[in-house]
Amino acid sequence: MAPSRTGHHCSHGRARARSGATTCLLLRLMSAPTLDRRPRAQWGTLPVAPTRYGQSVLGLPLEVWRPTGRCEVLLFAAIHGEEPETTWALSRALRQLDGPLAHAAVVLAANPDGLIRGTRGNANGVDLNRNFPARNWQPGEVLSRATVDAPRDVVLHTGASAGSEPETQALLALIAELQPDVVIALHAPLACIDDPANSALGHRLAERTGMPLVPDVGYATPGSFGSWCADQALPVITYELPVIAPEDTMAVHVPVFVDLLTGTLR
Ligand SMILES: [Zn+2]
């Protein structure tokens, strides 16, 4: 594992992570039905239809693939609309499995308006990942980088009030309904596993992806989904894909997402 940018490195967690993974896998082999992998000929379409959990500012459906059983993990992609690689990778994983999923819920586009327009924010110019009603939410501007090396100078807003946006409200309602054990939020392109809890799952993801495990992304994110989760004591892992092309997601990240969806990595 490469050292992280923040210098956080936890080697003693490795053994615990391995034994945790083994226990988890054994329990699943004994008790849980395993999802069949679909032949490649069927990877062109999604295995089952999603249901709607809300509507975007522009009226697009907010879609979720709900599990048949208890929700152990919720994965969501593209809360930042200009991170479409998160949607590619998660969709590719979902399409490899015969649905419906047993214990994982999937949202392929938490910000569909941003995704179709290629903007980080939603149609109101709000960075949804600064709009959550966390205790540290702040009104005003939020600055982001045009590229990873650029200064933080692109202006969006945090919303008229905490939780003001329909996409934020719908995701909160979905989480209240599903009660997931852990949420994995997909972002790009910082190339790290951000896990404030330093959990066994975080260690397994870092090991599988070769990306560093870090306790934060290195800058303040008031009103972020992660901040809200911290207030609720809801475990969250922010999975930051590296700079990547669609083709490259198939080598490392899609197999990791497949294992998260089937439960073999949890
Ligand atoms: Zn992002």
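## A first walk through the model

Val126 sits in the loop that runs between helix H3 (112-117) and strand S5 (141-145). Is Val126 buried or exposed? Val126 counts as buried because 24 other C-beta atoms lie within 10 Å, and 20 or more is what that label takes. Leaving out neighbours within four places in sequence, Val126 is in contact with Gly121, Asn131, Leu156, His157, Thr158, Gly159 and Glu165. Take Gly159 from that list: Val126 and Gly159 are 33 residues apart in sequence, yet 5.5 Å apart in space, C-alpha to C-alpha.

Now for the whole chain. Keep in mind that this is a predicted model. The average pLDDT is 89, and 87% of the residues score at least 70. Residues 1-33 have a pLDDT below 50, and this stretch has 38 contacts in the model beyond near neighbours in sequence.

The chain has 266 residues, and 43% of them are buried. Eight helices and ten strands make up its list of elements. Of the contacts between residues at least 6 apart in sequence, 76% join residues at least 24 apart.

### The open sheet

Six strands form an open sheet with mixed pairing, in the order S4-S3-S7-S10-S8-S9. S4 and strand S9 (213-214) are at the edges with a single partner strand each, so one side of each has no neighbour in the sheet. Further in, S7 pairs with strand S10 (residues 236-240). There, Ile184 stands opposite Ile237 of S10.

Strands S1 (residues 51-55) and S2 also pair, as a hairpin with five residues between them. Gly59, in the turn, has a positive phi of about 90 degrees. Arg52 has Glu63 in S2 as its bridge partner.

| Pair | Sense | Bridges |
|---|---|---|
| S7 and S10 | parallel | five |
| S1 and S2 | antiparallel | four |

The largest nonpolar core holds 62 residues, and Leu75, Leu90, Val106 and Ile184 have the most contacts inside it.

Leu90 belongs to helix H2, where Glu85, Thr86, Thr87, Trp88, Ala89, Ala93 and Leu94 are buried along with Leu90. H2 has twelve residues and reaches 17 Å from its first C-alpha to its last, close to the 16 Å expected at 1.5 Å a residue. The cover over the buried residues of H2 includes S3, S4, H3, S7, H7 and H8.

Leu260 is in helix H8 (residues 253-262), whose buried residues are His253, Val254, Phe257, Leu260, Leu261 and Thr262. What do these residues pack against? Their partners are strand S3 (73-76), helix H2 (84-95), strand S4 (104-107), strand S7 (182-187), helix H5 (200-209) and helix H7 (246-249). Just after H8 comes Gly263, with a positive phi of about 95 degrees.

Technical notes: Residues numbered from 1 in each chain as written. Predicted model: local features only at pLDDT ≥ 70, side-chain atom pairs only at ≥ 80, totals over all residues. Core = buried A, V, L, I, M, F, W, Y, C linked by C-beta atoms within 7 Å. Buried ≥ 20, exposed ≤ 12 C-beta atoms within 10 Å, placed from the backbone. Helix = DSSP H or I, 4+ residues; strand = E, 2+ residues; numbered from the N terminus. Contact = placed C-beta atoms within 7 Å. pLDDT = per-residue confidence, 0-100. Pairing = 2+ DSSP bridges. Expected span 1.5 Å × (residues − 1).
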